[in-house]
Amino acid sequence: MPVYRIDGITPVVDPTAYVHETAVLIGDAIVGPGCYVGPHAVMRGDFGRLILEGGANLQDTCVMHGFPGTDTVVEENGHIGHGAVLHGCRIGRNSLVGMNAVVMDGAVIGAESIVAACAFVKARFECAERSMLVGSPAKLLRQVSDDELAWKSRGTAEYQALARRSMATLTPTQPLSEVEEGRARIKVSDVQPLYQSRK
């Protein structure tokens, strides 16, 4: 993976974390135990400190950055969906930030909350635990249900397992020229999108 020291500060990656080889870590970036950092994610710690606490994930093409002297933190078991941008904010324990959402400076997302896909959370916004935030600018829709929280936690556990699977089996290779007969499928749990679990 591209890892860069700047001003004498080097990124830190716990040995039990998985960081994809195309992810970029710069300067004051700290990846905790059991974390997953996906392809083309960027932790650009050239101004502020960036922290992924234990069991958190930062998925494909996400960006973490912040102003000088600030901390951008994803607390334990935080789940950051594809393409999300976090800038100088704090994402509470066991919370989910949906795909392509943006969370701005000084925002504090309470524990076990969900920020919907494509939501825009304004600077200095704060919400209580188990908040369901939607829209642009993001507003409180309602409280996160027990079923939604269980679904979120299960998805995060899948990413923690993916970190272990990736360390054990992910290797560069060449593509096949055609689909082989009886092609195997990836064997994982039966976790489903939230809409399917509501049938």
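## About the model

Because the model is predicted, local features need a pLDDT of at least 70 and side-chain atom pairs count only at pLDDT 80 or more, while totals for chains, interfaces and linings use all residues. Residues are numbered from 1 along each chain as its sequence is written, and side-chain values use heavy atoms, with hydrogens and water left out.

## The open sheet

Strands of a sheet pair through backbone hydrogen bonds, in either a parallel or an antiparallel way. Here, eight strands make up an open sheet with mixed pairing, and their order is β3-β5-β7-β10-β13-β16-β18-β19. Strands (E, at least two residues) and helices (H or I, at least four residues) are DSSP runs numbered from the N terminus, and two strands are said to pair if DSSP finds at least two bridges between them.

The edges of this sheet are β3 (18-19) and β19 (139-143), each of which pairs on one side only. Within the sheet, β16 (residues 114-115) and β18 (residues 131-134) run parallel and are joined by two bridges, with Val115 standing opposite Leu133 of β18.

## Strand β4 and its partners

Strand β4 covers residues 24-31, and six of its eight residues are buried, where buried means under 20% relative accessible area, exposed means over 50%, and partly exposed lies in between (1.4 Å probe, protein chains only). With strand β6 (residues 42-52), β4 pairs in the parallel sense over seven bridges, and in this pairing Ala29 has Leu50 of β6 as its bridge partner.

Two bridges also join β4 to strand β1 (residues 3-4), again in parallel, and there Val3 is found opposite Leu25 of β4. Strand β2 (residues 12-13) likewise pairs with β4 in the parallel sense over two bridges, and Val13 stands opposite Val31 of β4.

A pair of aromatic rings is described by the distance of the centres and the angle of the planes. Rings of Phe, Tyr and Trp (its six-membered ring) pair if their centres lie within 6.5 Å, and planes under 30 degrees apart count as stacked, those over 60 as edge-to-face and the rest as tilted. The structure holds two aromatic pairs. One of them is the stacked pair of Tyr18 and Tyr36, with 5.8 Å centre to centre and 25 degrees between the planes. This pair links distant parts of the chain, since Tyr18 belongs to β3 and Tyr36 to β5 (residues 36-37), 18 residues apart.

Ser166 counts as buried because its relative accessibility is 8%.

## The largest pocket

A pocket is an open set of points on a 1 Å grid over the protein atoms alone, where a 1.4 Å probe fits and protein lies on both sides within 12 Å along at least five of seven lines, and its lining residues have an atom within 4 Å of a point. The largest pocket has a volume of about 720 Å³, where the volume is the space filled by probe spheres set on the points, and grid points are joined across faces, edges and corners.

This pocket is lined by 30 residues, of which His79, Leu96, Met99, Trp151 and Pro193 lie nearest its centre. The elements giving two or more residues to the lining are β13 (96-97), β16, α1 and α2 (194-197), and α1 gives the most, with nine residues.
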